[in-house]
Structure formats: structure tokens, C-alpha cells
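Q: I would like to learn how to read a model like this one. Could you take me through it feature by feature?

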Amino acid sequence: MIRLETVTKIYAETLSVDNLSMQIAPGDFYGLLGPNGAGKTTTIRMITALTNPTKGKIMVNGCPVHRSETRFKAKLGLVPQHNNLEPELTVIENLRLHAMLYGISSAQAAKRIKELLAFAELEKKARAVVNTLSGGMKRKVLIVRALMHEPRVLLLDEPTVGLDVFARRKVWDLLKSLNTRGITILLTTHYLEEAEKLCNRIGLLNEGRLIMEGSPEELANIVGPVVVEHFSNDRTALHFFKSQQEALEYARSLQVEFNIRKTGLEDVFVRLTDERVSA
Ligand SMILES: Nc1ncnc2c1ncn2[C@@H]1O[C@H](COP(=O)(O)OP(=O)(O)O)[C@@H](O)[C@H]1O
Ligand SMILES: [Mg+2]
């Protein structure tokens, strides 16, 4: 569905994305995870042709992605990192504006707006000026706007930054139900929890390079699916095991309090970064 082949982006002197190859299959909920400056926004901007790669190729549903191409655009919906709604227009006016830009007839737009506002539980805010909405509501309007032209793929750049826990959960629920209805999703985030909760595939981007990729289970299996955590010598230690039984045997020998659990993404990253630091 989306394919990047050895994509590199260099801005002046900065190597922003470095030889990135990745694929997103139909129905995937793909999480591109990475710290600030990793190249997440640049990747999304290249997939949506807001900027061209310096090298490499991007395809969406078999159509090449390039600023000079238009065919792929109808297939993609974009929720940008920063809110770019028209602040003095109402929710409905913003959605109509987007419909116009995509050449959607006003009758069809009206139908779609009604459906989407109901789906996102935004009906009561339809005539509210965007400026007066909370951060969570604005994010939902951005998602609804991106869905107006019925794209097959939704791309979201850090969609829950700045939201409180409740608003974040609402956005998560909205995205989960879209994915259940068949929309392919690519989301960037620097929150491990977000990627772990939502995504069936996760890629870890660091300094423009994809350093790990897989399902949450596959990533946990790299280090071991069961972890024993304990506090000793003034630091928290993590020990990874192939099975619950092996973990229990080890834990029984400990003289300190411990915690046995399934390996999470955070454990994987702590372990792998630890190796790098001590290597
Ligand atoms: N328009 C630009 N001009 C110059 N450098 C840029 C530009 N956009 C991004 N960069 C640089 O590219 C790198 C990756 O940035 P970005 O893709 O925004 O990362 P992320 O979204 O993961 O935080 C950073 O070092 C950033 O400073
Ligand atoms: Mg970014």
C-alpha cells in the first residue's frame, strides 16, 4: 500500500532521513516511533509529497509519490503535527473548505460532514468557531477533515501531543475504530505507550534510520518475552527470559523484591539503549 525504497532526505547540511526502506500493508496500524529530530515528520511530509526525497522512491497503491503527481493524493488523508485549521471559521466551515479543495460536491460534502461529525461525536460542536474548542476537540476536527475525501490511508503526525489523558484516550478510540473499519493508519509518536496500545507494527526511527521493526510481540522476543525487574545496588535491573518458568526459577533465587511481567516496548528500548551505552 505504501512503500518506501531507500529514501534519503538531506536538508542543506542535515541528513534528516537516511536510506529508509519500509512497507505498510493494507489494514496495518503502523507506528513510527522515535525521539524528537528522528525524521518522523520529514517521512510523513515525503509520503504526502509536501517535500521530495533527495534520493529513493515512494509508492502509494502503485502510484509514484512526487510533488508533480496528483493520483496518489486522493488515497491519503493527513493529520499534521500542528493544527492548521482556520481558527476563525466554524467546524463545518473548515470541513466545507476542505471538501472544496478536493472537488467534493456540496451535496456529497454535507452528507459526509454529517456522518463524520456523528462518528467523532462532534455534532454539538458543528457550529462552534474552531478557536473556542479544546485541544482534544481540535484534534478530532483535524482527523474528521482528513477523512472527508474518503482516503484509504490516514497519516497522523504525533496526534496526541499536548492532549490530556482523557482527550488522548478519545483520539485513540477514534483511531482504533477507523482501523477496524478498514482504514490503514500510519502514526508517528514519541510515546511508547501509544505505539504499544494501538499498533500492529512498529518501526523505531533514530537519527533518520529505521533501527528496529516488527509487531510488539516480535520486538519483545528480541530481548525475551518475560522480564524480571528488581532493585539492587541502587539501580533497577531487568533480566529477560524465554519463558515464565525460567523467569520464576531466576526470581526465586533473588533476595530482594521483584516483579515478573510480560516484556513491554519500554523494556525492549531500555535494554537495547543500555547495551549501546555500555558497549
Ligand atoms: N525544513 C527543514 N530544513 C532543515 N532541516 C530540517 C527541516 N525539517 C527538518 N529538519 C531537520 O531534520 C531532522 C529531522 O526532523 P523531523 O523530521 O522534524 O524529526 P521528528 O519529526 O522526528 O522530530 C532534524 O534534525 C531537523 O532539524
Ligand atoms: Mg515531528
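A: Gladly, and let's begin with a definition: a residue is near a molecule if its C-beta atom, placed from the backbone, lies within 6 Å of it. The model is predicted, with local features needing pLDDT of at least 70, side-chain atom pairs counting only at pLDDT 80 or more, and totals for chains, interfaces and linings using all residues. Residues are numbered from 1 along each chain as its sequence is written, while chains are lettered from A and ligands numbered from 1 in the order in which they are written.

Q: Which residues are around ligand 1?

A: They are Y11, A12, T14, S16, G34, N36, G37, A38, G39, K40, T41 and T42.

Q: Which helix or strand gives the most to that shell?

A: Helices (H or I, at least four residues) and strands (E, at least two) are DSSP runs, numbered from the N terminus. Here α1 gives the most, with 3 residues. Both β2 (14–24) and α1 (40–47) supply at least two residues of the shell.

Q: How do the shell residues divide into nonpolar, polar and charged?

A: Ala, Val, Leu, Ile, Met, Phe, Trp, Tyr, Cys and Pro count as nonpolar, Asp, Glu, Lys and Arg as charged, and the others, Gly among them, as polar. Around ligand 1 that gives 3 nonpolar, 8 polar and 1 charged.

Q: Now a helix, please: which residues of α2 are buried?

A: A residue is buried if 20 or more other C-beta atoms, placed from the backbone, lie within 10 Å of its own. In α2 (residues 91–101) these are V91, N94, L95, H98 and A99. They lie on the same side of α2 because they cover an arc of only 140° around the axis, where the arc is that of the directions from the helix axis to the C-beta atoms.

Q: What covers the buried residues of α2?

A: The cover includes α3 (106–119) and α4 (135–147). After α2 comes G103, whose phi is positive, near 65°.

Q: Is V153 buried or exposed, and why?

A: An exposed residue would have 12 or fewer such neighbours. V153 counts as buried because it has 22 C-beta neighbours inside 10 Å. Its place is in strand β7 (residues 153–157).

Q: Which residues is V153 in contact with?

A: Two residues are in contact if their C-beta atoms, placed from the backbone, lie within 7 Å. Leaving aside neighbours within four places in sequence, V153 is in contact with M1, I2, K75, L76, T184 and L186.
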